[in-house]
Amino acid sequence: MPDLLHYEVLNDPASFQVSGTGTGGESAGEVYIVVSNRTASHIAWWEIKVDVPCGNNAFDLTSDAAAINARLERTYRAAHGGTPGIEWDGKAGVLTVSADGYGGLFPPGASLVLLLEGFPVSAKQGVVELLVSEMASDHGDIRERSVPLYVMKRAPKVPRNFRPKESLVAAGADVVLQWEGPDSLTYRIQGPDGLSGTVPQRKGAGWEWSPAAGEEPKRDATYTLVATSSSQQQPGYFLTTTVHLRSPEFESVTATTGVRSPWVEGTRGKGRIVFTAQGAEIHDQTDAPGTVSAAKADVEAVTAAWVRGRGDGAGWIQFPFDGIKVGHGGGSDLGTVTADKVSAAGGVNTPWVGDRDAGKGWIEFPQSGVNVRKDGGQAWGTVAGDTADLNGINTKWVQGRDSSAGWIDFPPAGLNVFQGGGNRQWGTAAAGKADLNDLVTRRAEVKGDLSVTGRVDAGGELHAAGKTVVGGGLHVNGESAFSGKVNANGHLSVRNGTDKWIMHTNDDLVAINDNLRVHGAFRSDS
């Protein structure tokens with residue numbers, strides 16, 4: 001079914017040229033789709049869509065759909081449908097122009113212009129199809145109609161975009177020249193020393209050339225691209241570009257009043273002298289601090305990170321912020337300072353101190369204090385002194401000077417006293433007085449008086465050869481045998497197993513709570 005509206009496509013430039021590679025290699029394009037009513041009556045329309053192929057193929061318009069800027073221009077005032085809306089979907093590659101929900105009227109002779117601009121043309125030559133679909137009606141049913149439009153992309157017929165891959169390079173061997181152009185032309189490069197014998201090579205959509213060994217420039221150089229046709233029916237083409245070197249070389253420089261330069265570098269060894277505000281610095285070819293060789297140096301002072309002997313295995317001295325560091329060999333091993341005497345006013349900082357003989361005792365200094373070792377190893381050593389004045393002692397055990405003397409062990413529960421000889425036999429603790437919160441013992445022998453102010457609980461037998469004075473209550477769970485007198489200044493109570501009292505004394509009265517049996521004589525004074 002033929003379309004109701006008329007469509008034609010215009011592009012700028014008139015013939016699209018495919019994009020090249022590199023900086024400045026893109027070809028920008030613009031597409032104008034003109035929609036018009038060539039009939040003598042109004043045409044009702046609802047929607048116009050344009051499918052735009054995007055990608056890197058020959059039939060794609062652009063490889064960058066997001067770069068397309070879509071807009072709309074019209075030559076008539078909308079009677080119905082309001083102002084047409086336009087939307088570009090970069091992911092789907094679809095341009096949509098729509099009236100409102102009730103449709104719009106396209107007057108006779110009126111036109112709309114759909115603009116696609118700001119995009120780079122894709123890199124491959126070919127024909128691009130733009131498929132237009134319309135939703136319109138000629139006073140009948142609403143129908144969808146489609147019409148294809150075509151745009152041509154061509155490869156360049158003349159060379160273009162002659163440029164260096166990098167305009168500023170470190171050395172002449174890094175020079176790379178690029179351009180786009182047809183395969184029908186013959187290309188040569190003319191450098192500072194004439195035409196190069198190196199043949200340019202095709203690289204993808206463009207051409208590339210680098211100087212051969214021996215042709216590298218040693219300073220800034222201008223190159224000319226000479227393109228000629230083998231048929232002689234086309235004129236020759238000449239394009240120029242310039243490459244700059246970071247470190248140019250000259251055969252010689254003559255200066256009568258001096259040379260001003262931030263640095264000077266050799267052409268062979270690549271050593272470098274850098275001039276600073278304080279003087280000069282010597283660098284090697286890797287830009288690290290270099291070496292000055294001379295028979296003699298006469299200077300007022302030397303400022304250096306380190307000093308060493310001539311041999312690789314010789315000793316060396318470093319100068320950290322807090323003093324000096326002495327080492328030896330090619331690594332970081334510390335060395336030895338040999339002197340008759342050392343006078344250190346501020347002290348000596350060292351991880352350990354030992355005798356000259358490596359097999360003797362030595363002292364190390366951990367964070368917690370000092371450790372004394374023996375025999376040059378890690379075994380604990382002995383500290384000998386007349387007096388030790390300490391705030392505290394942390395030790396596993398303490399013993400007298402003789403190995404047969406008694407000793408004290410310190411378990412988590414307190415302390416143990418043992419006899420000498422190392423057999424862990426319980427020893428004897430002798431003291432004038434013991435002040436204890438609790439006393440737990442298998443056997444207690446009291447040679448004199450035993451005075452208990454509080455309570456005495458005896459789970460077994462309690463023997464007191466002397467006098468026992470109980471200031472509080474005396475509770476006996478088993479049998480009690482008294483060889484002498486029992487004086488109870490307070491209350492004396494005798495009870496049976498049911499805690500029922502049988503006899504008790506209270507002041508001057510003796511009370512019997514049941515039967516009274518007397519096996520001998522019984523006498524009463526009253």
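Reply: Phe162, Trp179, Tyr187 and Trp207 form one aromatic cluster. The rule behind it: rings of Phe, Tyr and Trp (its six-membered ring) pair if their centres lie within 6.5 Å; planes under 30 degrees apart count as stacked, over 60 as edge-to-face and the rest as tilted. By this rule the protein has six aromatic pairs.

First, the ground rules. This is a predicted model: local features need pLDDT of at least 70, side-chain atom pairs count only at pLDDT 80 or more, and totals for chains, interfaces and linings use all residues. Numbering runs from 1 along each chain as its sequence is written, and side-chain values use heavy atoms, with hydrogens and water left out.

Now the sheet to look at beside the cluster. Four strands form an open sheet in the order 12-14-18-17, and the pairing is antiparallel. Strands (E, at least two residues) and helices (H or I, at least four) are DSSP runs, numbered from the N terminus. Two strands pair if DSSP finds at least two bridges between them. Strand 12 (160-164) and strand 17 (201-203) are the edges, each pairing on one side only. From one strand to the next, the twist averages 25 degrees. Axes here are lines fitted to C-alpha atoms, for helices over the stretch in contact, with angles from 0 to 180 degrees between N-to-C directions. In a regular strand the side chains alternate between the two faces of the sheet.

Strand 12 and strand 14 run antiparallel and are joined by three bridges. Arg160 stands opposite Glu180 in strand 14. That strand spans residues 177-180. Glu180 has a relative accessible area of 1%, so it is buried. The cut-offs: buried is under 20% relative accessible area, exposed over 50%, partly exposed in between (1.4 Å probe, protein chains only). The Glu180 side chain has a polar contact, at 3.4 Å, with the side chain of Arg163. A polar contact is a pair of N or O atoms within 3.5 Å; within protein, one must be able to donate a hydrogen and the other to accept it, and residues adjacent in sequence count only if both atoms are side-chain atoms.

Next, the nonpolar packing. A nonpolar core is a set of buried Ala, Val, Leu, Ile, Met, Phe, Trp, Tyr and Cys residues joined through side-chain atoms within 4.5 Å. The largest has 34 residues, of which Val31, Ile33, Val35, Ile48 and Leu130 touch the most other members. Another core lies apart from it, with 16 residues that include Phe162, Leu177, Trp209 and Leu225.

Beyond its neighbours within four places in sequence, Val35 is in contact (heavy atoms within 4.5 Å) with residues including Leu5, Tyr7, Ile48, Phe106 and Leu114.

A pair of aromatic rings is described by the distance of the centres and the angle of the planes. Trp352 and Trp362 form an edge-to-face pair, 6.3 Å centre to centre with 80 degrees between the planes. The two residues are 10 apart, Trp352 in strand 27 and Trp362 in strand 28. Trp362 counts as buried because its relative accessibility is 14%.

These strands belong to an open sheet with the order 27-28-29, paired antiparallel. Strand 27 (352-354) and strand 29 (371-373) are its edges. Neighbouring strands are turned by 15 degrees on average, direction ignored. Strand 27 and strand 28 (362-364) share three bridges. Trp362 is also the bridge partner of Gly354.

Asp375 has a positive phi near 55 degrees, although it is not glycine. Its relative accessibility is 59%, so Asp375 counts as exposed. Asp287 also has a positive phi, of about 70 degrees. The place of Asp287 is the loop between strand 23 (280-283) and strand 24 (306-308). At 44% relative accessible area, Asp287 is partly exposed.

Last, the whole. The protein has 37 strands and zero helices. Buried residues make up 24% of its 526 residues. Of contacts between residues at least 6 apart in sequence, 50% join residues at least 24 apart.
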